[in-house]
Amino acid sequence: MSYAKYIYKFSLALTLIGCNSEKKQVKNFLTFENTLAIQRNQEPISINRENILTILGKIDRDSVPVLISKKGSIIPFQLDDTNNDNSWDKFITALDFKPSESLRLELKKVPKSSIPNFENHTNIRFGVGSDKKNVSETTNYERTGDPKERKEPLFFQMEGPAWENDKVGFRNYFDTRNGIDIFGKTTSKLVLDSVGLTTNYHYLENWGMDVLKVGNSLGAGAIAIKTNDNKLHRVSGITSTKFNIIKEGPLKSVFELVFKNSKFNNQVFDITHRISIFKGQWGYKSEVFFSGIKKPVSLVTGIVNLKPNKQDSQNIGDYFVLKSFGQQSENKDSMGMAIVTNNKQYISHTKLPSTGNGIVSTYTLEIKANNKKPSVFYFLTGWEKSNNKFKSKEGFNQMILQETQKLQNPIVIK
């Protein structure tokens, strides 16, 4: 072999090695853009599986996609199966953004075994037993009739399922009242696993307390049905109500209340109330699905009106906001509550009387309902002991404004 040919082959080999090395070093990046001139802490991010596969290619069962921070660590995430096909279809994470900031982060696939245990910031708890000393957590539970009328003793911790994040907690009365209550929190720790077992949550403790009196109202976003004869019916679930956890994750938790064969004005249909709570948010998201509606109905939700407060409503861009603020917590201090829904779904709002049969003492919000797509609303709340900004109506309104702006301007992913 001549010296020239040797040099040529050696150079070609180096070139090929360089190409292979360069190929191995190729990195995939996603850019996340905050289009608002406001700080957005722990902003929810959801990426579809198809989009990730388009970038990373096939991901085997032993691998998962991850985002890498600028410091080189894996950013906390969870993989959600939203269509119940036993395979994840959503990549969920949370990112911090400065006003108008764009983040460029590496997307890669890594072995499952390399994923650390992320700290939990959301929680769902439904404790069922014979008494406080004999309670077990359940991930699904079904009732018929009214549990209060059972002959056998039955104890529901916190009277039903409860959910929380690092900001606030809620509970559902798992009986024919089907109301929703608020746990005001003074800690970012998850506390509801033990609440209601050893102490009285109606009194202020080091973690917070039950801050809402619900009575016969809709409380903090419970649901009712308005039929075509203009009558309002509480969704009691007396025929059948099933609780089922869909996902309990470090960043987001989701569960459903399924009301089978609910009868309203001689019409029978199924209702599914899906509730999601995400890290760092002052409330939860409701998606209400219907099946079997034959005559027009609408969904009604609401805010309790039992304590001193001032009610208000406004349009913020594409969204309608119904809200109240005042010395309306059970601790006799300031608290605000609000329901937010898209203007395309909004029908009307009103104030119910404080006395009478059925649902009373409620600011109601009427939303469109049909079999094709869910009725969606957000319930937000702020208690002054959770954050000093909620001592004033202005502080509460600022939170509502920013959260509504975020709904209208989700993070742009490129």
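Buried means under 20% relative accessible area, exposed over 50%, and partly exposed in between (1.4 Å probe, protein chains only). The model here is predicted, so local features need pLDDT of at least 70 and side-chain atom pairs count only at pLDDT 80 or more, while totals for chains, interfaces and linings use all residues. Residues are numbered from 1 along each chain as its sequence is written, and side-chain values use heavy atoms, with hydrogens and water left out.

**View 1. Strand β24, residues 319-326, is mostly covered.** Strands are DSSP runs (E, at least two residues), numbered from the N terminus. Eight of the eight residues in β24 are buried. Tyr319, Val321, Lys323 and Phe325 point one way, Phe320, Leu322, Ser324 and Gly326 point the other way, and all are buried.

**View 2. Here are the partners of β24.** Two strands pair if DSSP finds at least two bridges between them. Strand β23 (residues 310-316) runs antiparallel to β24, joined by seven bridges, and Ile316 sits opposite Tyr319. Two residues lie between the strands of this hairpin, and Gly317 takes a positive phi near 60°. Strand β25 (residues 335-342) also pairs with β24 in the antiparallel sense, over eight bridges, with Ser324 opposite Met337.

**View 3. Asn123 belongs to strand β7, residues 123-125.** Asn123 is buried, at a relative accessible area of 7%. Its side chain makes a polar contact of 2.9 Å with the side chain of Glu164 and another, of 3.1 Å, with that of Asp193. A polar contact is a pair of N or O atoms within 3.5 Å; within protein, one must be able to donate a hydrogen and the other to accept it, and residues adjacent in sequence count only if both atoms are side-chain atoms.

Note on methods: Helix = DSSP H or I, 4+ residues; strand = E, 2+ residues; numbered from the N terminus.
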